[in-house]
Amino acid sequence: MIAKRTVVWILIVLLAAEFALAGGRKLSPSSGWAPMFAAWGYPAWFRVGIGVTEIACALALFIPRSRRWACVVLLVIMAGAAVTHLTHGEPQRVVLNAALSALIGLLMRLAKAGR
């Protein structure tokens, strides 16, 4: 029980850090994300929306009642990112999306079992 709880908290901290940092970088116009989103055909507001959503979900991972929804939203973002990368000839970038999705899925499974 303690080991599972420890793994859940490690996953929460790792995923929250990753998505808070990634979201923060998307909010910075000088980060390099702005030209990538534009090249993929997305408007500037979409990049900002994804960044804000990633940060909000990173914070929500720490709240047990909102954790499941945060995971679902992050999985949707990762699926969208994977589709974007695949349709724009960037299959190597999908590896990170898949790895993060697997960790999110593991968190969902372990957190659900801990209820």
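Modeller: The model is predicted: local features need pLDDT of at least 70, side-chain atom pairs count only at pLDDT 80 or more, and totals for chains, interfaces and linings use all residues. Residues are numbered from 1 along each chain as its sequence is written, and side-chain values use heavy atoms, with hydrogens and water left out.

Colleague: How many disulfides does a search of the whole structure find?

Modeller: The search finds 0. A disulfide is a pair of cysteine sulfur atoms within 2.5 Å.

Colleague: What makes Cys 57 count as buried?

Modeller: Buried means under 20% relative accessible area, exposed over 50%, and partly exposed in between (1.4 Å probe, protein chains only). Cys 57 has 7% relative accessibility, so Cys 57 counts as buried. Cys 71 has a relative accessible area of 1%, so Cys 71 is buried.

Colleague: What makes Lys 26 and Glu 54 a salt bridge?

Modeller: The rule asks for a side-chain nitrogen of Lys or Arg within 4 Å of a carboxyl oxygen of Asp or Glu. In this pair, the closest N and O atoms are 3.1 Å apart. Therefore the pair meets the rule. The count comes to 1 salt bridge.

Colleague: Which parts of the chain does the pair link?

Modeller: Distant ones: Lys 26 is in helix H1 and Glu 54 is in helix H3 (residues 44-60), 28 residues apart. Helices are DSSP runs (H or I, at least four residues), numbered from the N terminus.

Colleague: Is Lys 26 buried or exposed?

Modeller: Lys 26 has 6% relative accessibility, so Lys 26 counts as buried. Glu 54 is buried, with a relative accessible area of 3%.

Colleague: Why is Val 13 called partly exposed?

Modeller: Its relative accessibility is 44%, so Val 13 counts as partly exposed. Val 13 sits in helix H1 (residues 2-27).

Colleague: Which residues form a nonpolar patch on the surface?

Modeller: Trp 9, Val 13, Phe 62 and Ile 63 do, with about 370 Å² of accessible area together.

Colleague: How do you know that Thr 84 is buried?

Modeller: Thr 84 has 6% relative accessibility, so Thr 84 counts as buried. Thr 84 lies in helix H4 (residues 64-87). Not counting residues up to four places away in sequence, Thr 84 touches Trp 40 and Tyr 42; contact means heavy atoms within 4.5 Å.

Key:
Patches are made of residues with over 30% relative accessible area and no salt bridge: like charges are joined within 9 Å, nonpolar side chains (Val, Leu, Ile, Met, Phe, Trp, Tyr) within 5 Å. Accessible areas come from the Shrake-Rupley method with a 1.4 Å probe; for residues, only the protein chains shown count as cover. Helices (H or I, at least four residues) and strands (E, at least two) are DSSP runs, numbered from the N terminus.
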